[in-house]
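Here is a short tour of a predicted model. Please keep the structure open beside the text as you read.

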Amino acid sequence: MSGVFVRVALDHPVPTLFDYRCDAALAPVPGMLACVPFGKRRAVGVICEVTTHSDVPNERLRGVEALCAACEPLSEEWLALVKFAGDYYQRSLGEVALPALPQALRDPERWPRLFAPQERYRLTATGRTALPEALPARASALRRLAAALAASDAPPGADDPAGADGSCGLDAADARALHPKASATLAAWQDAGWVVLERVAVGAASPAPGPVPLTPGIAAEASAAPERPTLTAEQAQAVEAIAAARDFVPFLLHGVTGSGKTEVYLHALDALFTARPDAQALVLVPEINLTPQFEAVFRARFAALGGDTPIVTLHSGMADGERARAWLAAHTGRARIVLGTRLAVLASLPRLALVIVDEEHDPAYKQQEGLRYSARDLAIWRGKQLGIPVVLGSATPSLESWWQAEQGRYRRLTLARRAVADAALPTVRLVDLEDERRRGRSSVDGISGPLASALKARLERGEQSLVFLNRRGYAPVLSCDSCGWLAGCPRCTAYVVLHKPERALRCHHCGWEARIPRSCPDCGNVDIAPLGRGTQRVEETLAELVPGARVLRIDADSTRRKGSAEALFSDVHAGEVDILVGTQMIAKGHDFQRVSLVGVLNADTALFSHDFRAGERLFAQLMQVSGRAGRAGLPGEVLVQTRYPRHALYQALARHDYVGFAEATLAERRDAHLPPFVYQALLRAEARTLEGALGFLAQGAAALAGIEAAARVTVYDAVPMTIVKVANVHRAQLLVESASRAALLATLRAWQPSLRALKGALRWSLEVDPLDI
Ligand code: ADP
Ligand code: ZN
Ligand code: ZN
């Protein structure tokens, strides 16, 4: 057997590649997936190098068991991306590469099915008209099947699907999930000439689509494309700048809420596909809940893009198989637009030509476990690597991005006005709670008089209101008046939240749950009461305070079931809701047309947080949620209830003054030597006791003494985390920081071997550019 050696990245913390023997007949090349023996198990890894020599002694070398030949190898650029992310975030290459792949690809048992040619059913022209008429009215399963076929159909106006490539078709497996006898039914429909069955190869690279006549723009070509608004002058300028960029240009699209950033993205994409019919684009959104809204708009606009899967979404809420298929469509170049949450930034996109990061300031772009990466920062890196433009859009850019623009490293594009004619930014009124109290006008369970009247006025006018508070549950704690007992979690240093519909006390940190006690467990007092308020309590209060209003609550509890958030949001859009109550889930990105009032409760707590980013985050949230009001031309009003109406943050909010807020906050950060003027990293340790965690960190700090680059790094004292105990594990952290990013990274790299040798912690981790300190 003629043999070569392959060096494979595996999902393992040791920062090396692993050598294996490989049969040359398997024709291994870098980027291929390999199934290899690893210890006592088998593992899937990515081949990074193919060589004729290995330093590992022959008797210790094991052989590759199988290669995934059906899958187009991952590109050199992709391997460089995961290598960079591993180096930067202090992980092994394999710890980045493997989790970035869909689960199904990491399981060799599933390869044959995954790469079997996919069977898709498509409606024919005859079927499109004949099928709906032929179905009995009561056959709901059959109707579902027909509806799914129609939904996956080519846009009206495209050629017959048998010859064109304008439709997606219905996957055979999806069809079987809809109807138990789908195969037989579809076979009968095939015989009738209503549908055709096609086989699509899944893993192989698709040839670049030929030059399709695409003037003056793809979106304009599709006869069914919805009407496109005429761009405002500001939008047109932004689109022109993005379309003209032929190299790496990081754009910061600073557009006030409702300024039509989406339309800028759509036109920039249109210009791209017109110039380069084979190009791919990556569009990142911060939240799963925003993908359906975007997907619908994108599908309508780009229906004429062609290919069997022109637009795919990628997010963690998708079923395994579905995600693998979407990932493969991106990897093979068949998907032209990939719309996804942060994990999509690591997708394999061989013809990537434009990256868009919507709401770039959103903390959700930072992964908070495992590989703690920033999708926004990796998006910028990909743009630089490939020499392509990257658009970061926001009404409230992160101070990091704003500072880059101030220094001229990012190109700023400004949309200062709302796009819809007559839609002005909402008026912001600060309701002084102290003043209300002094005048003897007390709030009813947290809702002030002015807010209550404003809500009633909206109900009378048939307009919608939105009430925002960032706390879910009924009340943040249950308390006993007579002895001062507060309901706490037995496993965490935290109070448990009262959830009224479920009649439970629930810990938001570890998930511990208990029935609501009838009396105080300490003194027996039966008069225990909820303290403070969450979304459930506000929902209850509003129903009483504004009689006749249809109140809907949207938060993590009310949307736990898959797809339920989408259904709730569509009720709001359909006008079936008068008052929407919710957490930050309702603040982001949604284009509500009938909301004219936004009420903000309980925002003050964030003003006095020890986290230096709390103010930035609160300001962004309040600007975002305020931005939901008055988008379609109804005059919008925002009422913020506060005890500190003169606070600079609220004053800037009332002036819609992001720039003033950003400049003042950046000046404070500069004086205090905080990011973005320094670079930070956190070493975290978890142990059975707090002493154990702190002891580990102290040893870690001592190990820095021998590292040369650490001379330029400041090391702070190890401290317990704010919530020190979670699920009976104690947590502490150590902050290291430097004015030089290179010195910080070099220090972390040199530090890792000594950290790995330390004992005493259950777990430890390094986080680069942490957001929560
Ligand atoms: P943003 O993301 O900047 O908050 P959106 O992209 O959601 O704003 O756009 C806000 C609203 O303005 C949407 O209803 C959109 O259809 C509309 N819109 C965008 N551009 C234009 C335009 N040039 N003319 C008229 N309406 C527009
Ligand atoms: Zn008591
Ligand atoms: Zn707990």
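Phe-661 sits in helix α21, which spans residues 658-671; helices here are DSSP runs of H or I with at least four residues, strands are runs of E with at least two, and both are numbered from the N terminus. Is Phe-661 buried or exposed? Phe-661 is buried, because 23 other C-beta atoms lie within 10 Å. The cut-offs are 20 or more such atoms within 10 Å for buried, 12 or fewer for exposed and partly exposed in between, with C-beta atoms placed from the backbone. Leaving aside residues up to four places away in sequence, Phe-661 touches Phe-619, Leu-649 and Ala-652; a contact has the two C-beta atoms, placed from the backbone, within 7 Å. From Phe-661 to Ala-423 there are 238 residues in sequence and 23 Å in space, C-alpha to C-alpha.

As for conventions, the model is predicted, so local features need pLDDT of at least 70 and side-chain atom pairs 80 or more, while totals for chains, interfaces and linings use all residues. Residues are numbered from 1 along each chain as its sequence is written, and chains are lettered from A and ligands numbered from 1 in the order in which they are written.

Now to helix α18 (residues 564-573), whose buried residues are Ala-565, Leu-568, Phe-569 and Val-572. These lie on the same side of α18 because they cover an arc of only 95° around the axis, the arc being that of the directions from the helix axis to the C-beta atoms. An α-helix has 3.6 residues a turn, so residues three or four places apart point the same way. On the other side of α18, Ala-567 and Ser-570 are exposed. What do the buried residues of α18 pack against? Their partners are β23 (551-554) and β24 (579-582). Just after α18, Gly-575 has a positive phi of about 80°.

Ligand 1 has 17 residues around it, and Pro-229, Gly-260, Lys-261, Thr-262 and Ala-419 come nearest; a residue counts as near if its C-beta atom, placed from the backbone, lies within 6 Å. Helix α10 (residues 261-275) gives the most to this shell, with three residues.

Finally, confidence: pLDDT is the predictor's confidence in each residue, from 0 to 100. The protein chain averages 90, and 94% of the residues score at least 70. The model scores ipTM 0.97 and pTM 0.88.

| Stretch | pLDDT | Contacts beyond near neighbours in sequence |
|---|---|---|
| residues 154-167 | below 50 | 34 contacts |
| residues 209-225 | below 50 | 37 contacts |

Where pLDDT is low, the predicted coordinates should not be read in detail.
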